[in-house]
Amino acid sequence: MQNVATASVQSEPQFAALVDALAADPNRREQLTELLREDHLLYDQRGSATTVRMRGWVLLALARAGVSDAALLFVLEELDTGVDAYLVAAAARALRSYPSPNAAFAPFVMRALTNIRYHDELVSFEGYGEYAISSTGTSPVRELLATLAWLGPHARGALREVESLRAQRGGLSKKLLIDVDRAVEAIRDADQVDEPGTDTCCTLPSGLSNTFSWALSSRRGSEPIESTVFEDHEGASITFKEFFRGHPSIVVFFYTRCDNALKCSLTVTKLARVQKLLEARGLADQIHTAAITYDPAFDLPARIRGYGQNRGVRMDDRHRMLRTTDGVNALRRHFKLGVNFIESLVNRHRIEAYILDAEGRIAACFERMHWDEQQVVDRTIEVLQEKSDETTSEVSPGPADCPARHKTKTVSPIFGTLASLGVAFFPKCPICWAGYLSVFSIAGLNQIPYSPWLQPMLVAVMLINLASVWLRGRLTGRMSGFYLVSAGAFAIVLLNMGLGWENAAVWGVALTLAGSLMSALSGKNASQVVE
Amino acid sequence: MSTKKKAAKTSKSARKPKGGAMRSTRAAMSVATSARSTVKERVAAMAEAPLAVCESDKDLQAMLNVLRNKEEPVEVRLAAMDSLATAAFSVIKFESCRNDYIATLREVAQDPDPKIRESALGLLAGEKDGFAQKKLLEGLQNREKALVPPEKALQLLSYDVHAEAYSVARDIVEKPPNADAKREALRLLAADATSAPLFEKLLRDKDELREIRQISASALHGLNPGKLQRHAREMLLDNSEYDDIQATCLTALTQFGDDEAVGKDEALLKSVDRFSAGKTSSKYKQSARRFLSKYGR
């Protein structure tokens with residue numbers, strides 16, 4: 001039996017046979033997902049058109065065999081950024097084989113419709129590698145409309161947009177109007193779901209994410225690529241170690257000959273926006289950015305400079321456009337880049353952006369679907385704060401591509417809240433202490449000596465927490481946590497300790513806890529899915 | 001007469017053809033697709049038709065039928081193809097017609113008439129169409145399957161850098177079926193970074209055709225401008241090099257050279273100065289004047 005991970009088929013018919021065999025075998029269907037990885041050996045030294053035919057056939061096999069959660073990300077990626085009629089049509093068809101419709105799919109389908117409608121063409125799904133040469137067959141727009149009909153009331157958010165397709169004069173072909181009507185009818189049909197509109201509109205099914213983070217302790221060292229040499233947009237040479245060590249960095253990949261405007265061109269434009277966000281926060285000197293080309297042989301300094309300039313990228317010593325001059329394969333392996341080549345030219349790649357920590361290790365990656373600039377900046381700020389914040393990390397298993405996804409629990413808010421609790425309920429005199437001890441004796445804690453020095457120490461910890469929350473608020477631009485913690489401290493120190501209002505202590509602790517958690521979670525949002 | 005009626009009359013008269021000099025696009029469509037009209041009339045009408053070709057499915061199908069119909073005169077079919085291609089240029093207006101248009105182009109790309117095939121493949125190649133690329137590559141690998149001559153296939157494949165044609169183009173440079181095919185193969189390879197050494201070799205080969213050497217210089221400028229400048233300098237210092245090739249080298253250095261390095265290169269400046277004063281072509285003298293004036297001579 002052929003192992004997909006190492007399969008080395010020579011011809012396209014052999015590849016088609018392999019895909020058909022996998023689709024027909026319920027025990028091996030999951031392996032189809034593996035064939036959608038851009039860096040798979042099977043795509044090495046294939047042209048772009050061949051890659052399209054091969055990937056399209058895999059998507060059609062998934063349409064027959066059913067799309068699993070693991071394959072869903074690839075299907076949605078094609079809808080999100082695909083510009084090839086065959087692939088978009090195949091992805092639209094494949095999505096309909098997902099076990100159940102979900103409102104989160106509707107924006108992807110609508111985006112695909114917007115992207116492809118002016119490039120609509122007939123496609124043939126009859127046999128491997130076939131092209132439509134008559135008016136029969138389907139088209140991406142037709143498949144997308146069928147997918148909207150499949151989504152039914154789950155696509156309610158897109159109803160107005162779908163209806164407007166019909167209203168546009170000289171818009172879609174008359175032959176497609178029947179498909180539009182069918183989609184509109186299905187979306188309006190309230191009988192198809194028990195409670196239409198109750199599912200969340202913009203979250204992907206659980207387990208699906210385009211964002212992965214690595215906890216501090218589980219990050220892979222960057223030693224294998226430290227000596228990789230780059231040439232920047234000015235022609236200056238610099239090694240990976242020289243540019244990426246000592247500060248966090250945001251890295252995106254692109255190449256100037258990419259003909260999908262939704263990928264490289266948009267990625268580099270978004271990098272420029274990220275740079276502006278960093279400047280606005282006063283962090284442009286503390287966080288480096290880099291755009292590295294996949295095509296270093298062609299993308300000479302003048303080309304990458306022009307490409308960056310045309311997209312508003314800031315270029316200086318801390319923010320560079322780079323091409324690899326030595327160590328390109330090591331770089332590919334280190335980042336596990338989702339790209340493949342025919343000779344030196346890219347045949348297919350995914351969208352990918354990385355956040356590196358101060359050691360040059362990958363702390364987070366955003367892949368396949370469009371990433372949000374603010375999200376990337378927030379996550380990088382978290383990485384920047386790693387040195388100053390005490391953090392513990394809990395690692396949970398992630399998808400095969402990423403060794404770990406991380407959950408960070410910030411310890412400082414807990415300490416801060418405990419300190420507030422201690423200050424609020426600290427015994428004011430030895431008699432009060434004796435009263436506490438009589439309660440503690442139930443738990444066997446009656447041996448604790450009276451320690452009046454503890455109160456100023458707890459106040460100090462509380463103030464440190466306040467300062468930490470303020471700093472985090474300033475960096476993330478979200479100050480609400482700080483205001484709550486300030487109110488809590490005010491209630492404890494002035495109202496409770498100063499004026500002796502006992503109820504103020506409970507309110508103070510609650511406000512401190514709420515503010516600290518809000519502050520901690522505001523940064524954590526960066527590692528969650530937005531799409 | 002009411003204002004409404006007046007407006008309607010004005011509008012109607014505005015659309016009316018005057019003295020036969022103008023006709024409505026609808027009338028043009030009617031002539032273009034009518035087998036009763038002469039070839040000349042139909043070709044002329046086709047040129048007026050693009051505005052109407054996508055207005056109704058009936059008109060579109062009529063035009064596509066003319067293009068598909070092997071019984072129609074080739075001139076008319078080619079004019080129909082031009083008319084459709086012009087209409088397709090208005091991407092938004094052409095939205096509803098595009099998929100039938102592309103499918104028909106693929107169909108006629110295998111037409112018995114070579115002009116029809118070439119034009120259809122040209123339009124499809126401009127769309128980076130996978131079908132057209134596959135057919136063109138098959139024709140280059142197997143001459144019996146070729147739909148167009150090799151030089152044309154290479155030219156059309158060069159519209160898309162991702163068309164996986166580099167390997168076959170290299171084979172053609174190695175064993176060219178004709179001089180035109182070699183020239184087009186080199187033009188295609190000008191976007192292939194791994195072909196820089198090939199262009200260096202061809203540029204320095206005095207037995208090669210001038211055109212091939214000039215294409216090589218241009219390709220090398222795109223792929224490795226530093227190397228071109230080094231070769232250009234050496235070729236300008238070479239007394240046995242041809243004038244026109246030296247003129248190309250001078251232009252390269254004048255436009256793209258490292259100003260600081262060239263300005264200090266006394267040997268090069270003297271050599272250009274000396275040659276430009278001697279018996280050389282006017283093209284060389286002109287390039288030399290520009291070069292020397294840039295570097296203060």
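In this predicted model, the largest nonpolar core holds 155 residues, among which A:Val75, A:Val109 and A:Leu148 touch the most other members. Helix α3(A) contributes the largest share of this core, 11 residues. Leaving aside residues up to four places away in sequence, A:Val75 touches A:Leu59, A:Val67, A:Ala91, A:Ala94 and A:Leu95. In soluble globular proteins, nonpolar side chains tend to be buried together.

**The contact between the chains**

Where the two chains meet, 30 residues of chain A are in contact with 25 residues of chain B. On the side of chain A that touches chain B, α3 (48-65) and β8 (345-349) each supply at least two residues. The largest share of that side comes from α3(A), with 4 residues. For the complex, the predictor gives an ipTM of 0.83 and a pTM of 0.77.

**The domains of chain B**

Chain B is divided into three domains, whose bounds are listed below.

| Domain of chain B | Residues |
|---|---|
| Domain 1 | 26-108 |
| Domain 2 | 128-189 |
| Domain 3 | 194-297 |

The C-alpha centres of domain 2 and domain 3 of chain B lie 30 Å apart. Between these two domains, 4 residues of domain 2 of chain B are in contact with 7 residues of domain 3 of chain B. The side of domain 2 that touches domain 3 in chain B consists of 2 nonpolar and 2 charged residues, with no polar ones.

**Confidence in chain B**

The mean pLDDT of chain B is 88, and 92% of its residues reach 70 or more. Over residues 1-21 of chain B, however, the pLDDT is below 50, and this stretch has 5 contacts in the model beyond near neighbours in sequence. Among the elements of chain B, helix α1 (residues 3-15) has the lowest mean pLDDT, 42. At the other end of the range stands helix α9 (residues 150-157) of chain B, with the highest mean pLDDT, 98.

Methods:
Residues are numbered from 1 along each chain as its sequence is written. Chains are lettered from A and ligands numbered from 1 in the order in which they are written. This is a predicted model: local features need pLDDT of at least 70, side-chain atom pairs count only at pLDDT 80 or more; totals for chains, interfaces and linings use all residues. pLDDT is the predictor's confidence in each residue, from 0 to 100. Domain bounds come from an automatic or database domain assignment. Ala, Val, Leu, Ile, Met, Phe, Trp, Tyr, Cys and Pro count as nonpolar, Asp, Glu, Lys and Arg as charged, and the others, Gly among them, as polar. A nonpolar core is a set of buried Ala, Val, Leu, Ile, Met, Phe, Trp, Tyr and Cys residues joined through C-beta atoms within 7 Å. A residue is buried if 20 or more other C-beta atoms lie within 10 Å of its own, exposed if 12 or fewer, and partly exposed in between; C-beta atoms are placed from the backbone.
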